[in-house]
Amino acid sequence: MRTLKYRIKPSFHALDIELTFMPSRTGPMALHLPIWRPGRYQVQHFAKNIATVTCSDAPVVKSDLSSWTVDILELKPITVSYRYHAEQPDAGGSWVDDSMVYINFVNCLLFPHRGENRACEVEVMLPPAGFSPTEEHAFAGALPAKITPAGGYEISCALRTYGNKFRAKSYRELVDSPFLAAPQIHTHAWKTHGVKFYLQGLGPKTHFSDRLLKAYQKFVAYQLDYMGEFPVREYRFMLWICPKPFYHGVEHTKSTMMVMGPEDRDSYEDLIGLGSHELYHVWNVATIRPKALLPYNYTKAVIFDTGWIVEGITTYLGDWFLWASGVVNAEEYVNLLAGNLKLHFERDGASKQSLIESSIDLWLDGYGSALPGKRVSIYFKGALVALGLDLLIRRKFQHAKSLRDVMLLMQERYGRLKNGYTRQEFYALVEEVYEESLSEFWTRWVESSEPLQGEIAALLEGVGLRFESEGILTISDSLRLQAFGASQ
């Protein structure tokens, strides 16, 4: 029995978890909990949400910040048990209350040492709908994975279902597949290029409008045309419209989880931008991955200097796809672009670090504030670099080439072949597309903290945009701008 079998019983703000499996050998064996999750490049130490771990046949000793050791005396199935406190109500956490169960398995599921590639089976024992904190232990039986709202829960999860169980080919696939359950989940489904897509979520029905669905269908179809292929056969946009002000999304290979709030505001513009961004991550990081992230090592900080490629290109193209696909018009796109430029130049324009340094220091500082004037955003300055590359390539080849050629070649050489890339390999690939050295560009735009207002203004003028200051971007030539937004 090589399969890792998890049994999860949600209760108010908690998950009671049992892991049963056959050890591969006798002697001391380590059990690990991930210290970070893909999509957020900082140490988070999810083990802080576990008080103690017990085992059916042997004592368990805490041996590291996020590891426990069990002494295996004989080769027979063992069961370890623990409670995980699920009180992180964002797209990357786990949360249980009387209205929903949201589980990011990467937060809470232990795995045996070197067990990341073992097959997994998960059974979630859902509580009765509308349970209260005082009833947290009152339920015992497992519920079917798909039931009517009147009888209990509907579920959104990319994992394969077998009765009331979910199966994954590996622990890696399991922790890349968040689980959402609630008495009612709004669902829209459609097919594009043979791929089935779902828009599923919780919150007031008015947020799940025909207007939003049509926008998603447009940018989904455009992105699939742009890249020419899609790495998976089904994909879910999972959405929670929460009561508090919020904006957060996390990418996964077969899904994304997005949290938006509060419930009483029109979140359409944020939802189309976030959805487009997270979808492109299916290629740019879930498939086309920096070498350090292939495969993911969940037990240590994984330092890499190309976070600006992962997030910057995705931020830039995520907005551009909305325009190119007809979801927003030219003026609306210019406002989106101006907003990103303003965020960089006003907040980080005088920061001392290069993009390389800031990619690394995310692991040190996290995503909150760092020392004043220290770090630049891999999202917004990264998007500035992506814009600069796109405009340079377009200018040289009169729009016959663009950043698309770079990403198609990245997919061919690194995504499709499951090879990780380095910064130097990315440089070389871009220069191959550009047919010329870009060493001065890399030195100034990526490897230094030199101001870039003049350079970006000159490039934008070439596509009919006047960059007057950090926050003001106007259209100077609509015909040239139209060429920038047209499909190749």
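This is a predicted model: local features need pLDDT of at least 70, side-chain atom pairs count only at pLDDT 80 or more; totals for chains, interfaces and linings use all residues.
Colleague: Happy with that! Why is Ser67 called buried?

Modeller: Buried means under 20% relative accessible area, exposed means over 50%, and partly exposed is in between (1.4 Å probe, protein chains only). Ser67 has 9% relative accessibility, so Ser67 counts as buried. You can find Ser67 in strand E6, residues 67-72.

Colleague: And what makes Phe246 partly exposed?

Modeller: Its relative accessible area is 29%, so Phe246 falls in the partly exposed class. Phe246 belongs to strand E19.

Colleague: How do you know which residues Phe246 is in contact with?

Modeller: Contact means heavy atoms within 4.5 Å. Leaving aside neighbours within four places in sequence, the contacts of Phe246 include Pro89, Asp90, Val259 and Arg265. Take Asp90: from C-alpha to C-alpha, Phe246 and Asp90 are 8.4 Å apart in space, yet 156 residues apart in sequence. Ser67, not counting residues up to four places away in sequence, touches Leu31, His32 and Lys62.

Colleague: Let's turn to the sheet. What makes E2 and E7 a pair?

Modeller: Strands (E, at least two residues) and helices (H or I, at least four) are DSSP runs, numbered from the N terminus. Two strands pair if DSSP finds at least two bridges between them. Strand E2 (residues 14-21) and strand E7 (residues 78-85) are joined by eight bridges and run antiparallel, so by that rule they pair. Within this pair, Thr20 stands opposite Thr79.

Colleague: How do you know that E1 pairs too, and with which strands?

Modeller: Seven bridges join E1 to E2, running antiparallel, and five join E1 (residues 4-11) to E11 (residues 120-124), running parallel. On the E2 side, Lys9 has Asp16 as its bridge partner, while on the E11 side Lys5 stands opposite Glu121. The hairpin of E1 and E2 has two residues between the strands, and there His13 takes a positive phi near 60°.

Colleague: Why is one side of E4 and of E13 left without a neighbour in the sheet?

Modeller: The open sheet has seven strands in the order E4-E7-E2-E1-E11-E14-E13, with mixed pairing. E4 (50-55) and E13 (160-162) stand at the edges with a single partner strand each, so one side of each has no neighbour in the sheet.

Colleague: Last topic: what makes a space a pocket?

Modeller: On a 1 Å grid over the protein atoms alone, a pocket is an open set of points with protein on both sides within 12 Å along at least five of seven lines, whereas a cavity is a set where a 1.4 Å probe fits but cannot get out; lining residues have an atom within 4 Å of a point. The largest pocket holds about 1,400 Å³ of space. It is lined by 50 residues, and those closest to its centre are Tyr247, Asn340, Leu343, Tyr379 and Phe380. Helix H6 gives the most to this lining, with nine residues.

Terms used: Residues are numbered from 1 along each chain as its sequence is written. Side-chain values use heavy atoms; hydrogens and water are left out. Grid points are joined across faces, edges and corners, and a volume is the space filled by probe spheres set on the points.
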